Amino acid sequence: MILDKSVAIIIPVFNEEHTIEKLLKKIIKINLKKINFKKEIIVINDGSTDNTLRKIKSFKNIKILNKKNEGKGRAVQ
């Protein structure tokens, strides 16, 4: 089966060390291959000052954009 369609899941985060692992595990479990989609997970760390970035880095195949805090709207842009 050739996967020719893809979906990017963009997650802006700021100080989410208590919830980010649970969220990423749930998103990783979503199987889009049965509907011929590839999945790309992109986490925008909006200047977190807790252990959010460390926890995100513990996952493989997740793209991380680490930037200074500018708010959720700017992070999604």
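Start by clicking on Lys22, which counts as exposed at 58% relative accessibility (exposed is over 50% relative accessible area, buried is under 20%, and partly exposed is in between, with a 1.4 Å probe and protein chains only). Lys22 sits in helix α1, residues 20-29 (helices are DSSP runs of H or I with at least four residues, strands are runs of E with at least two, and both are numbered from the N terminus).

A word on the ground rules: this is a predicted model, where local features need pLDDT of at least 70 and side-chain atom pairs count only at pLDDT 80 or more, while totals for chains, interfaces and linings use all residues. Residues are numbered from 1 along each chain as its sequence is written, and side-chain values use heavy atoms, with hydrogens and water left out.

**Stop 1**

**Stop 2: zoom out**

Now show the whole chain as a cartoon. The C-alpha trace spans about 40 × 25 × 15 Å along its principal axes. Of the 77 residues, 27% count as buried.

**Stop 3: the salt bridges**

How many salt bridges does a search of the whole structure find? There are two, a salt bridge being a side-chain nitrogen of Lys or Arg within 4 Å of a carboxyl oxygen of Asp or Glu.

Select Lys55 and Glu21, whose side chains meet in a salt bridge at 3.6 Å, N to O. Lys55 belongs to helix α2 (residues 52-57) and Glu21 to helix α1, so this pair ties together parts that are 34 residues apart in sequence. Lys55 counts as buried at 17% relative accessibility, while Glu21 is partly exposed at 30%.

Next, pick Lys63 and Glu40, with their closest N and O atoms 2.8 Å apart in a salt bridge. Lys63 is in strand β3 and Glu40 in strand β2, so the pair links parts 23 residues apart in sequence. Lys63 is partly exposed at 44%, and Glu40 is partly exposed at 32%.

**Stop 4: an Asn pair**

Stay with strand β2 (residues 37-46) and click on Asn45. Buried or exposed? Asn45 is buried, with a relative accessible area of 1%. Its side chain makes a polar contact with the side chain of Asn66 at 2.6 Å (a pair of N or O atoms within 3.5 Å; within protein, one must be able to donate a hydrogen and the other to accept it, and residues adjacent in sequence count only if both atoms are side-chain atoms).

**Stop 5: two loops with positive phi**

Select Asn15, in the loop between β1 (5-13) and α1. Its phi is near 50°, a positive value in a residue other than glycine. Then try Asn36, in the loop between α1 and β2, where phi is near 65°.
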